[in-house]
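Work through the exercises below with the sequence and the model side by side. Try each task before reading its solution.

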Amino acid sequence: MNIKPPIAATVLCLLYGCASPTSHMINNNFIAIVKEPTPSKMIGSWSGTMGPYLATFQWKSDGSGIFCYSWSTYDLMQKLKYSKGEIQIQDGTKLEIKSYSDSTMTVRAPYFMAQDTLLYKDNNLENASLFCGSKLKPKTASLGSN
């Protein structure tokens, strides 16, 4: 029997069960999740690539944040909550925080065939997509008024 790897993986997943983001999205409980204070080293902006997406996470100290990502002409922003050592995304999915330091953070989606994503501290948003960089930059008050 000659089964190609992706097909074999799908068959094994169906037979033995695999985590899928669909179940989290259908049973989305983002509003009920109680956010916890963000660890101090995580506060700020982080950018990295997640597959074809250029992604930026921006965290406040209160456990809330924004997840912004872009690919081609597709740009999206979602709310985040830090809870129980995980990143909860408004669409119902989540990310596990594998490690973090002053300069890097590694996250992983707890779903079938997921890979670790390495994010880099990016408080100046130099590595953010053009869309995310413009949306996440702090608003500054105008010096001159008419």
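This is a predicted model: local features need pLDDT of at least 70, side-chain atom pairs count only at pLDDT 80 or more; totals for chains, interfaces and linings use all residues.

**Exercise 1. Leaving aside its neighbours within four places in sequence, which residues is Asp122 in contact with?**

Residues are numbered from 1 along each chain as its sequence is written, and side-chain values use heavy atoms, with hydrogens and water left out.

*Solution.* 
- Step 1. List the partners. Asp122 is in contact with Ser45, Trp46, Ser47, Asn127 and Ala128, leaving aside neighbours within four places in sequence.
- Step 2. Asp122 and Ser47 are 75 residues apart in sequence, yet 5.9 Å apart from C-alpha to C-alpha.
- Step 3. Asp122 is in the loop between S8 and H3. (Helices, H or I of at least four residues, and strands, E of at least two, are DSSP runs numbered from the N terminus.)
- Step 4. Look at its side chain. The Asp122 side chain reaches the backbone nitrogen of Glu126 at 2.9 Å. (A polar contact is a pair of N or O atoms within 3.5 Å; within protein, one must be able to donate a hydrogen and the other to accept it, and residues adjacent in sequence count only if both atoms are side-chain atoms.)
- Step 5. Asp122 has a relative accessible area of 5%, so it counts as buried. (Buried means under 20% relative accessible area, exposed over 50%, partly exposed in between, with a 1.4 Å probe and protein chains only.)

**Exercise 2. Which pattern does the protein chain follow along the sequence, and in what order do the strands close into a barrel?**

*Solution.* 
- Step 1. Count the elements: three helices and eight strands.
- Step 2. Read along the sequence. The pattern is α-α-β-β-β-β-β-β-β-β-α.
- Step 3. Follow the barrel. Eight strands close it in the order S1-S2-S3-S4-S5-S6-S7-S8, with antiparallel pairing. The twist from one strand to the next averages 30 degrees. (Axes are lines fitted to C-alpha atoms, for helices over the stretch in contact, and angles run from 0 to 180 degrees between N-to-C directions.)
- Step 4. S1 (residues 44–50) pairs with S8 in the antiparallel sense over two bridges. (Two strands pair if DSSP finds at least two bridges between them.) Ser47 stands opposite Tyr120 in S8.

**Exercise 3. Which residues touch the most other members of the largest nonpolar core?**

*Solution.* 
- Step 1. Define the set. A nonpolar core is a set of buried Ala, Val, Leu, Ile, Met, Phe, Trp, Tyr and Cys residues joined through side-chain atoms within 4.5 Å.
- Step 2. Name the residues. Of the 20 in the largest core, Phe57, Trp59, Phe67, Ile87, Leu95 and Val107 touch the most other members.
- Step 3. Trace the sources. S1, S2 (53–59), S3 (64–71), S4, S5, S6 (94–100) and S7 (104–108) are the elements giving two or more residues. S2 gives the most, with three.
- Step 4. Look for another core. A second, separate one has five residues, including Cys68, Leu125, Cys132 and Leu136.

**Exercise 4. Where does Ile33 lie, and which residues is Ile33 in contact with, leaving aside its neighbours within four places in sequence?**

*Solution.* 
- Step 1. Locate Ile33: the loop between H2 (21–26) and S1.
- Step 2. List its contacts beyond four places in sequence: Lys81, Ser83 and Gln88.
- Step 3. Compare the separations. Ile33 and Gln88 are 55 residues apart along the chain, with C-alpha atoms separated by 8.1 Å.
- Step 4. At 14% relative accessibility, Ile33 is buried.

Note on methods
Contact means heavy atoms within 4.5 Å.
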